[in-house]
Amino acid sequence: MASNQFNDEKVPTRVILAIAGAGVLSFTGILSETSLNVTFPHLMHEFGVNIAMVQWVTTAYLLAVSLVMTTSAFFKATLSSRRIFLMGFISFIAGVFISALAPTFPILILGRLASGVGTGFLMPLMFNIILTSVPIRRIGTYMGIGAMISSMAPAFGPTFGGTMAYYSNWRYIFWILVPIALIAFAIGIKNISNTKPASTKPLQFDFTRFGLLGATYFLILYGLASVGAEGKVGVQFFVPLGIALVLIAIFIRLSQTATRMFLNIRIFKNKAFVYSVIIYMIVQFSNLGMNFMLPNFGQIVLGATSLFAGLMLFPGSVVGAVANPLFGRMLDKMGPKKPLYLGNTIFTVLLIAFALAGTHLSILSVMVFYLLFTIGRSMTYGNVMANGLREIPAELRPDGNAIFNTFQQIAGALGTTVMSLFMTMGPGSERVNAQDGSIRAWIFLALLGLLNFWLLSQVFKHGNNEIPATAE
């Protein structure tokens with residue numbers, strides 16, 4: 001990709017098609033994850049597992065995605081974009097076939113892990129293409145387009161998964177993804193540049209720090225899952241958490257003197273970037289937590305079928321996804337303050353509305369509330385990432401992109417796990433626990449939304465907050 005594109009407002013057609021190829025494959029990966037959320041009651045019945053166990057279908061996928069995303073800066077420096085795209089496609093499509101044919105629950109988890117690895121290559125690739133090939137004055141708009149592509153999956157996922165489970169079988173979720181993935185692969189492999197790697201020097205990957213981070217992720221998620229399985233916080237939660245804290249301390253210590261390539265944690269010295277990452281994690285934690293909770297709330301509490309539980313989220317998800325480029329344009333034109341504060345206000349107010357409505361919610365009210373919630377979420381989500389990446393030097397943006405994408409998946413995995421805990425813990429029946437737990441979860445998420453206001457104030461206190469000059 002020629003560097004002079006940064007001095008030209010026009011984005012070449014080939015770049016747009018390259019973004020589309022990587023983006024649509026990322027879309028299919030996220031679609032497979034969000035589609036399965038609404039089929040959990042069917043999976044529980046077919047494989048004989050409970051809700052605390054079945055959530056690993058999502059958690060294992062997100063764990064694999066997040067771990068592979070930590071390597072994206074290394075692979076960008078050592079491999080061409082086309083080769084990364086090919087690796088991602090092969091892993092993803094293999095996972096799709098394994099999942100579709102899975103005879104047992106462990107095999108299904110294996111398929112989700114393989115697909116997660118593929119998506120972990122593909123999603124950072126899409127954003128790296130944007131960061132290296134789109135003029136800085138249009139970064140907000142194109143990051144919004146990237147967010148739209150990935151956000152369309154939650155728009156269609158619950159409805160798609162609910163339709164398959166209601167009319168056919170959850171396995172068709174994967175079979176229908178195959179032709180979509182093949183078309184995206186054909187577009188991407190033709191248009192993604194086969195340029196030489198960013199580094200001409202041989203680089204060594206830091207497997208030690210990668211292993212430490214992977215073990216830390218797993219232990220935290222395992223500890224949280226054990227709470228759901230036992231219905232209480234005990235030794236099986238505190239022991240993994242304690243070990244994870246030790247491992248992350250070792251990781252930080254090694255990172256300060258590391259010579260082999262992995263995540264560049266020195267980027268965390270930029271305070272505006274750090275606060276942006278935390279806000280991004282809170283929004284993604286809430287987003288995937290809600291996408292897990294609401295379909296199950298619809299079925300368990302409201303008595304909806306899997307089809308209608310999925311349809312509840314459809315209008316909001318479509319509106320939120322399609323509006324992403326518009327919200328990105330707001331960032332380019334107005335600067336970060338107005339869209340971020342406005343988005344977080346809508347986001348937080350609607351979480352409070354969910355909590356206050358509580359036992360009086362209906363399928364229609366959930367649909368309306370969720371539509372408004374996604375507007376606030378989308379206005380915050382893509383813009384806080386775009387603004388955070390603009391706060392750091394261009395040479396550090398691949399690392400920044402890796403960190404944003406990695407923590408996005410970690411937050412999503414935690415959101416799914418924590419929401420399953422809220423919905424399952426309690427002395428009552430399944431319906432009572434799901435209803436009361438959902439109300440407590442909405443209160444918790446609303447408090448996180450309020451925390452975001454303080455975090456935003458810190459972003460603007462330490463950032464440059466400039467509106468890029470736009471060539472008209």
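Select Ser-378 and Arg-377 first, and display their side chains, which are joined by a polar contact of 3.5 Å. The model on the screen is a predicted one, and every distance in this tour is computed from it. Both residues sit in helix H17, for Ser-378 lies there and Arg-377 has its place in that helix too, which covers residues 363-390.

Stay with Ser-378 for a moment and show what surrounds it. Ser-378 counts as buried, because its relative accessible area is 2%, under the 20% that sets the limit for a buried residue. Leaving aside neighbours within four places in sequence, Ser-378 is in contact with Gly-320, Ala-321, Asn-324 and Phe-327. If you draw a line from the C-alpha atom of Ser-378 to that of Ala-323, the separation is 7.5 Å, although the two residues are 55 apart along the chain.

Asp-332 belongs to helix H15 (residues 324-334) and Arg-390 to helix H17, so the pair ties together parts that are 58 residues apart in sequence. Both partners are buried, Asp-332 at 1% relative accessibility and Arg-390 with a relative accessible area of 13%.

How many salt bridges does the structure hold? There are 3 of them, and another can be found by selecting Asp-206 and Arg-209, whose side chains meet at 2.8 Å, N to O. Asp-206 is buried, with a relative accessible area of 9%, and Arg-209 is buried as well, with a value of 3%.

From there, move to Arg-171 and Glu-46, which form a salt bridge whose closest N and O atoms are 2.9 Å apart. Arg-171 lies in the loop between helix H8 (139-167) and H9, while Glu-46 lies in helix H2 (residues 40-47), so this pair ties together parts that are 125 residues apart in sequence.

Continue into helix H9, residues 172-191, and view it from the side. Its 20 residues reach 30 Å from the first C-alpha to the last, close to the 28 Å expected at 1.5 Å a residue. Look for the bend of about 30° at Val-178, where a proline, Pro-179, follows within four residues. The buried residues of H9 include Ile-173, Phe-174, Leu-177, Val-178 and Ala-181.

Not counting residues up to four places away in sequence, Ser-32 touches Tyr-61, Arg-112, Ile-173, Phe-174 and Leu-177. Its side chain reaches the backbone oxygen of Gly-29 at 2.6 Å, and Ser-32 is buried, with a relative accessible area of 1%.

Now select helix H12, residues 271-300, which has 30 residues and reaches 43 Å from its first C-alpha to its last, close to the 44 Å expected at 1.5 Å a residue. Of the 30 residues of H12, 26 are buried, so the helix is largely enclosed by the rest of the structure. At the start of H12, zoom in on Asn-270, where a side-chain oxygen reaches to within 3.2 Å of the backbone nitrogen of Ala-272.

The last stop is Ala-411, in helix H18 (residues 397-424). Ala-411 is buried, with a relative accessible area of 2%, and, not counting residues up to four places away in sequence, it touches Met-281, Gln-284 and Phe-285. To finish, select the C-alpha atoms of Ala-411 and Leu-288, which are separated by 8.4 Å although the residues are 123 apart along the chain.

Methods. Residues are numbered from 1 along each chain as its sequence is written. This is a predicted model: local features need pLDDT of at least 70, side-chain atom pairs count only at pLDDT 80 or more; totals for chains, interfaces and linings use all residues. Side-chain values use heavy atoms; hydrogens and water are left out. Helices (H or I, at least four residues) and strands (E, at least two) are DSSP runs, numbered from the N terminus. The expected span of a helix is 1.5 Å times one less than its number of residues. The bend at a residue is the angle between axes fitted to the seven residues ending there and the seven starting there. Buried means under 20% relative accessible area, exposed over 50%, partly exposed in between (1.4 Å probe, protein chains only). A polar contact is a pair of N or O atoms within 3.5 Å; within protein, one must be able to donate a hydrogen and the other to accept it, and residues adjacent in sequence count only if both atoms are side-chain atoms. Contact means heavy atoms within 4.5 Å. A salt bridge is a side-chain nitrogen of Lys or Arg within 4 Å of a carboxyl oxygen of Asp or Glu.
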